[in-house]
Amino acid sequence: MVWLLRQNSSSGEGGGADGGRRGADREPCLLHENHAYYGAVTDGCADELLTPSGWGARHTLAVLGCLGFFVAFALRVNMSMAIVAMVNGTALRLLSPHNDSAGGGGRLCTGNRTYLIGNDLQQDGPFVWSELTQGVILSSYFGGYLVSQVPAGRLAERLGAVRVLAVGLAAAGLLTLLTPVCALSGVPALVTIRFLQGAASGVTTPSIHCLLARWVPPNERSRISTFVYVGKQLGTAVTILSAGPLAGWRWAGGWQAIFYVTGSVTLVWSVAWTLLVYETPADHPRISFRERVYIYSLTYQGSGQRSSVPFPWRRALSCRPFQALIVTQFCQNWGDYLIMTELPTYISTALRYPLNTNAMFSALPQLAKVVFALGVSFVADWLARGSRLSLSANRKLWNSIGMYIPALTLVGVSFAGCSDVLVLTLMVTTVGFNGAVLSGYNINHMDLAPNFAGTLMGITNCVATLAGVLAPFQAGYVLNQQPSLANWRTVFLTAAGLLALGNTVFCALGSTSRQPWNEPTPERCLVLDADAEVKRRARQQAVL
């Protein structure tokens, strides 16, 4: 039977002081169905919910959500690494005599680094694409990703996030398998299929954000959400590290193998996701009764199982904290996407490292981000418990660490020149500290309006994905035929300035207060009406 354990005012009577106190502390009381903790297991008069022990359904969701981001970002960055092996670098250097003699201190690095033409020729691909063409190819994915964000958020809330995400990533996986054919057909075909891949993959973040709002209680939100979102960095790092060996699979087409492997893994994940993940705790056939009540009691404060009401567009878009969130995410994505898409090119063309070494140095910052983000998430949840730090101060503290420090280190990268150790150390620091934003602005959507978390993330990610289009394009434009250190400095300083701007706006205008437009209709105010089984079981026990 499920009880609330409450303190009895007559605890000192009979049985001795200790015995009476123990008996009083454990006096059971079946709660009324309108109580906020109806049907839950709590401890003591403070009504503090006990966290279910062991592995739960929400943990399975977290693992598969992490793997979902893993495969989604593998599809996103596979082109960033493959393009190093696809492009004929020797032909480009011959066509661009300015590369090795840019004025104004813009010379590329040679120094004491051995850069053998023979090794380079082994890595040269069949395509002679200028830096501007490469920027267009890399940006095309984000163009498709941008247009699907808002529709994905609404579809996830109305039709089901599990179904939307499974179909979207399965389609992206199939399109990835066709990428080599399109690349050999010409740039227009390649740009088109990358655009379609981006559109299909665009359902990922809104769908997972929608599920996290339904499944993750606030007191676990930093840890579980961060664990899910570090799948982005793991997918990026593993793809970067495996790209070199895969490009060496001559029997599988060399660089083509990168697309075949990432596409196939995505299809396997889609099957597992469909079989093991459910929309809400009430839909899950194998979730424990205690975990279901625990999630509903803490998470579903006025939330229905699915958002069947229209989204309050005017009120949301005129909300100042939400506007600040849009600006913050745009600025963050500029720096993040720039490093993700251009760092391999910078290491290859400016620092002059071959593909295998390039992969190691490109992946190391992403692994640092995973470690730092996970550590921060535990500290953030610890600070949130017991009111050690207000939720608003908590979010803004970690967001400041995750954006101000990377802005400073990117300035350092801009002026580090050819000092290899310094450049790579600063890059690791930049990306590593940036992981703190996963406990900052990244979960602020669920603070503002958990009922519409998917749509809010779709809107912010739609605007922020413009950075994914503009950042590679700006880099390609600045570096076109002159990828000198001076031009790279312009690229990095732009990203540093935007990171600093974004966090300043978040600290000045951001908020964690639940917004009034989160509850548009009175009928959405019943806490546990969605879970009929909770009431049924409690009534049965009351009769007994």
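View 1. K369 is buried, at a relative accessible area of 2%; here "buried" means under 20%, "exposed" over 50% and "partly exposed" in between, using a 1.4 Å probe and protein chains only. This is a predicted model, where local features need pLDDT of at least 70 and side-chain atom pairs count only at pLDDT 80 or more, while totals for chains, interfaces and linings use all residues. Residues are numbered from 1 along each chain as its sequence is written, and side-chain values use heavy atoms, leaving out hydrogens and water. K369 meets D336 in a salt bridge, 3.5 Å from N to O; the term stands for a side-chain nitrogen of Lys or Arg within 4 Å of a carboxyl oxygen of Asp or Glu. D336 is buried too, at 13%. K369 sits in helix 16 and D336 in helix 15, so the pair ties together parts 33 residues apart in sequence. Helices are DSSP runs of H or I, at least four residues, numbered from the N terminus.

**View 2. R58 and E291, a link between helix 2 and helix 13.** These two form a salt bridge, with the closest N and O atoms 2.8 Å apart. R58 belongs to helix 2 (residues 57-86) and E291 to helix 13, so their pairing ties together parts 233 residues apart in sequence. Both residues are buried.

**View 3. D381 meets R223.** Another salt bridge shows up here, at 2.8 Å from N to O. D381 is buried at 2% relative accessibility, whereas R223 is partly exposed at 26%.

View 4. With 7% relative accessibility, H284 counts as buried. Leaving aside neighbours within four places in sequence, H284 is in contact with A57, W215, L276, Y278 and R292, contact being heavy atoms within 4.5 Å.

**View 5. The largest nonpolar core.** A nonpolar core is a set of buried Ala, Val, Leu, Ile, Met, Phe, Trp, Tyr and Cys residues joined through side-chain atoms within 4.5 Å. This one has 50 residues, and those touching the most other members include F322, W334 and L338. Helix 15 gives the most to this core, with 11 residues. Not counting residues up to four places away in sequence, W334 touches A467, L470, A471, Q474, T494, A495 and L498. A second, separate core of 47 residues includes W215, Y229, W273 and A453.

Key: Helices (H or I, at least four residues) and strands (E, at least two) are DSSP runs, numbered from the N terminus.
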